[in-house]
Amino acid sequence: MTLALTGHAVGRGIAIGRSHLAEGSELEIGEYRIGADEVDKEIRRYRNAIDAARHQLEELAGRVSRNVGIGAAEIIQTHVLMLSDSRLRDGTEDHIRRELCNAEWALQMQLERMLLEFRSLDDEYIRSRGEDVAQVVRLVQNKLNEEAADKPFENMPDRLADTLVISRELTPGELAILHERGVAGIVTEHGGPTSHTAILAKSLGIPTVMGVRRAQSLLREGEILVLDGGLGVVYADPDEAISNHYLEVQRITRRFKNSLEAIRDLPAVSLDGQRISLQANAERPAELQMARDEGASGIGLYRTEFLYLQGAPPDEETQLAEFAAAIALLGGIPLTIRTLDLGADKSTDYLDFSQLRRCANPALGLRAVRLCLRDTDLFKTQLRAILRASALGPVRCLIPMLTSVQEIRMVHLLLDESREELEERGLDYDREMPVGGMIEVPAAALAIEELGRHLDFISVGTNDLLQYTLAADRVDEQVAHLYDLQHPGVVRLLRHIFREAEALRLPATVCGEAAGDRQYTRLLLALGLKEFSMHPGRLLEVKQVVRETDIPKARAALSHWFNLPPGSPPMSLLQVINESQR
Amino acid sequence: MIAGNVTIVNKLGLHARAASRLVNCASGYASEIRIVRGARAVNAKSIMGVLTLAAARGAELVIEVEGADQQQALEALTALIEGRFGEDE
């Protein structure tokens, strides 16, 4: 008889395999008294446990950052910060001193106090951060009590292929370890869809159902399970109809993945023989590596903001070192470095804090190149680092959010000054380094003819361009429905950009999300786009569409759509273009 | 002591990653840094404190900084928050 258990749909995907119940016992936290002369010793014991836990997490974060990705590592870093938090530390130590009790009990009491605070908040996401605090505390409790510690993976096989792990609860760190061992799917009794474990499971693509009550008692070791992570259901002992359905879904998914693998080493050439350049947006080493592995022909967008988010602005050498490392990783494919794209309404020395006011409308305020042109020292430091990097490999410099020709002139002026400064210092740079601009402002898009004459290439940031063109913020749910790439105004604007760029023989890239969304690939090809830059994980999917597109036919369909007589039956543009390919 | 007003503009607000970046940034300065939201004030170097502000997009915060490097600290934190913590939206 099929048993269906439900929980939170967390990690989409289907997993079919045998169950493995992760062992884990509730750690008993007892209270006992200590003498006043033992307080220092107890506090030392507590601090040692914190240090040991932190050490373990830092080591794990390093490994996860290399093997899994920076996003996953950042989740674990949050736990490291929690371990270092003064409230957790001081609150527990005060409790030990005041109550003369053991560290375990004091820590548990401090946890209860902090959980109360988290639970009192209205925001569901933040409320569930209480779970993270509890997980971090459990880790410290395990360190305080090594013998009795619960070791959920003690009897876990090293390879977990075709295995679904059933666990009471799971920390992000434990999940990362299961992922390393190739786990097929995850079921937990506790934990919600906004927990960090859930976020990590989603980003790792592990089929996962969380919050399945009594899963450990209802499921047996080694029985066949079918897990549907999208629906949030686990079937034990599934009947034939259920098994067949999911096996079919798995077959289709596998066929799609195989079809992508089959074109991994094939060029991105359309049916009519046009070669399309597929590049990647990347910044961290793991993404750069992935870009290479997935066959990117370059890095079309290398963001530099992360360099500026670590306190004081980075100096020239720090930036150069970062760029040099990226160039070395890329092995000769071009790197397009975007200059600082931060927004702030005030910056550095001319700042008068008594007058610091919030920017009325940050999206339309002092940001990106506008900010850089206000703080030319900050900007030139970066320009010099980029110029010096250009001596080490193929580098292009990309200026974000250009609006006017005047801004481009100023950028060129500052570039000239930077080159002179480097020459005075006897430092090398590429005299031919291309300088391009991001087209995100509608007025700039309409004035490609004027702006383009001063640029070596353009890159269209469709996310901001659409937001500004449609006057709709896509993350504002109340107006998100207006945010539509198929709006005739947007399609005309994009067509204008690519036509003008072609007339000026100006290479044009799209680096917004639309570039990596395969449903728009044919539309962008029909509009005349030859260079796409996207998340490296999308490269194969987009290449597949490119290889299955006849661009002249798609272009004809686009013209046809523009010329549809009024009163024609409504047909979406994507539909019209897709039908042209049959 | 100096202070500045700032509005959370990134999509997800002060969620865990943004809060981590804020705490990391604040911890790089010697100054005492407090973040005030309405009646609540927390230590900017405490991840738990910053998270319990539950500051979503649109939340208005005051950053209060006191110490030798207060100027740089306030600038850096303001730039970080207004720069959407380096996130795309």
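Tutor: Before we start, one definition: two strands pair if DSSP finds at least two bridges between them. This is a predicted model, where local features need pLDDT of at least 70, side-chain atom pairs count only at pLDDT 80 or more, and totals for chains, interfaces and linings use all residues. Residues are numbered from 1 along each chain as its sequence is written, while chains are lettered from A and ligands numbered from 1 in the order in which they are written.

Student: Okay! What is the strand order of the open sheet in chain B?

Tutor: The 4 strands run β1-β4-β2-β3, with antiparallel pairing. Strands here are DSSP runs of E, at least two residues, and helices are runs of H or I, at least four, numbered from the N terminus.

Student: And which are the edge strands?

Tutor: Those are β1 (2–7) and β3 (40–43) of chain B, each pairing on one side only.

Student: How many bridges join β2 to β3 in chain B?

Tutor: There are 4 bridges between β2 (residues 32–37) and β3(B), and the two strands run antiparallel. Within β3(B), B:Ala41 stands opposite B:Val36.

Student: Switching to chain A, how many helices and strands does it have?

Tutor: Chain A has 24 helices and 16 strands. Of its 582 residues, 43% are buried, meaning that 20 or more other C-beta atoms lie within 10 Å of the residue's own; exposed means 12 or fewer, partly exposed is in between, and C-beta atoms are placed from the backbone.

Student: Where is A:Ile333?

Tutor: A:Ile333 is in the loop between α13 (316–330) and β11 (335–338) of chain A.

Student: Why does A:Ile333 count as partly exposed?

Tutor: Because A:Ile333 has 19 other C-beta atoms within 10 Å.

Student: What does A:Ile333 touch?

Tutor: Leaving out residues up to four places away in sequence, A:Ile333 touches A:Ala296, A:Ser297 and A:Gly298. Contact means that the C-beta atoms, placed from the backbone, lie within 7 Å. A:Gly298 is 35 residues from A:Ile333 in sequence, yet their C-alpha atoms are 4.9 Å apart.

Student: Now the two chains together: how many residues does each give to the contact?

Tutor: Chain A gives 42 residues and chain B gives 39 residues. On the chain A side, the largest share, 5 residues, comes from α2(A).

Student: One more: what does B:Leu22 touch?

Tutor: Again leaving out residues up to four places away in sequence, B:Leu22 touches B:Ala44, B:Val50, B:Leu77 and B:Leu80.
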